[in-house]
Amino acid sequence: IGCADTDSDGVPDNVDEFPDDSTQSADTDGDGFGDDATGTEGDDCPAVSGGSFEGGTYGCLDTDLDGWANIVDDFPNEITQWLDSDGDGYGDNGAGFEGDGCPTEVGDSTLDVLGCPDSDSDEYSDDGDAFDDESAQWLDSDGDGYGDNPSPAVLFDDCPTVYGNSTADRQGCYDSDGDNFSNPTSS
């Protein structure tokens, strides 16, 4: 009785761990977040000291020190990632470690971008794959519909740097007269 109570919360300043905040007075685990969960930045883990402050989860263990509590952090040991919206193992932060190129679509591409759909399982994303239904081909440098990977891959291009539509003797080479045979000088 008679002690100062700056924040008028009924707890004297000499025992109030938050003398300027009327919504908090105790901090059992000593992490700087008050025990009253309904108060200002109320500690979501009042029995465990922690420094989390992101996403509305305060005072919980944050192993990687990114501000996100381990209990809500999809990557508790990676400081540059904390959320994986599509659940494919690649983080939503595109600038972070192994950032997801398609954060709202589940995917397993790894060679051109990470975490995008890959229909033919060749590790190239469907958007970056000239042949998204053919696992032996993914690049078509000359844009003629025949892939750069050599035979025995299907749809291989015998002339990968020259646009062509020959099919009879060689695939994807220049055919000036339309007889399906390549011109002898095309390569």
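## Reading a predicted model, feature by feature

Tutor: Let's begin with the rings: the count of aromatic pairs here comes to three. Keep in mind that this is a predicted model.

Student: How is the pair of Phe33 and Tyr58 arranged, and what is the angle between the planes?

Tutor: Ring pairs are classed by the angle between their planes, with under 30 degrees counting as stacked and over 60 as edge-to-face. Phe33 and Tyr58 have 40° between the planes and 5.8 Å centre to centre, a tilted pair. Now compare another of the pairs: Tyr124 and Trp138 are stacked, at 4.9 Å centre to centre and 15° between the planes.

Student: Is Phe33 buried or exposed?

Tutor: Buried means under 20% relative accessible area. Phe33 has 11% relative accessibility, so it counts as buried. Trp138, from the stacked pair, is at 26% and therefore counts as partly exposed.

Student: Which residues does Gly115 touch, beyond those up to four places away in sequence?

Tutor: Its contacts include Asp86, Asp88, Asp100, Glu105 and Asp108, along with Tyr90 and Cys102. Gly115 counts as buried because its relative accessibility is 0%. Look at Asp100 in particular: it lies 15 residues from Gly115 along the chain, and their C-alpha atoms are separated by 5.1 Å.

Student: And which residues are in contact with Asp157, leaving aside neighbours within four places in sequence?

Tutor: Among them are Asp140, Asp142, Asp144, Tyr146 and Gln171. With a relative accessible area of 5%, Asp157 is buried. For Asp74, 83 residues away from Asp157 in sequence, the C-alpha to C-alpha distance is 44 Å.

Student: Which residues form the negative surface patch?

Tutor: The patch is made by Asp158, Asp169, Asp177 and Asp179. A residue needs over 30% relative accessible area to join a patch. Asp169 has 41% relative accessibility, so it counts as partly exposed.

Student: Where do Leu65 and Asn180 fall on the accessibility scale?

Tutor: Leu65 counts as exposed, because its relative accessibility is 70%. Asn180 is partly exposed, with a relative accessible area of 38%.

Methods. Residues numbered from 1 in each chain as written. Predicted model: local features only at pLDDT ≥ 70, side-chain atom pairs only at ≥ 80, totals over all residues. Heavy atoms only, no water. Patch = residues over 30% accessible without salt bridge, like charges linked within 9 Å, V, L, I, M, F, W, Y side chains within 5 Å. Areas by Shrake-Rupley, 256 points an atom, 1.4 Å probe, with all protein chains shown as cover. Salt bridge = Lys/Arg side-chain N within 4 Å of Asp/Glu carboxyl O. Lys, Arg positive; Asp, Glu negative; His and termini not counted. Charge placed at Lys NZ, Arg CZ, Asp CG, Glu CD. Buried < 20%, exposed > 50% of the residue type's maximum accessible area, 1.4 Å probe, protein only. Contact = heavy atoms within 4.5 Å. Phe/Tyr/Trp six-rings, centres within 6.5 Å; stacked < 30°, edge-to-face > 60°.
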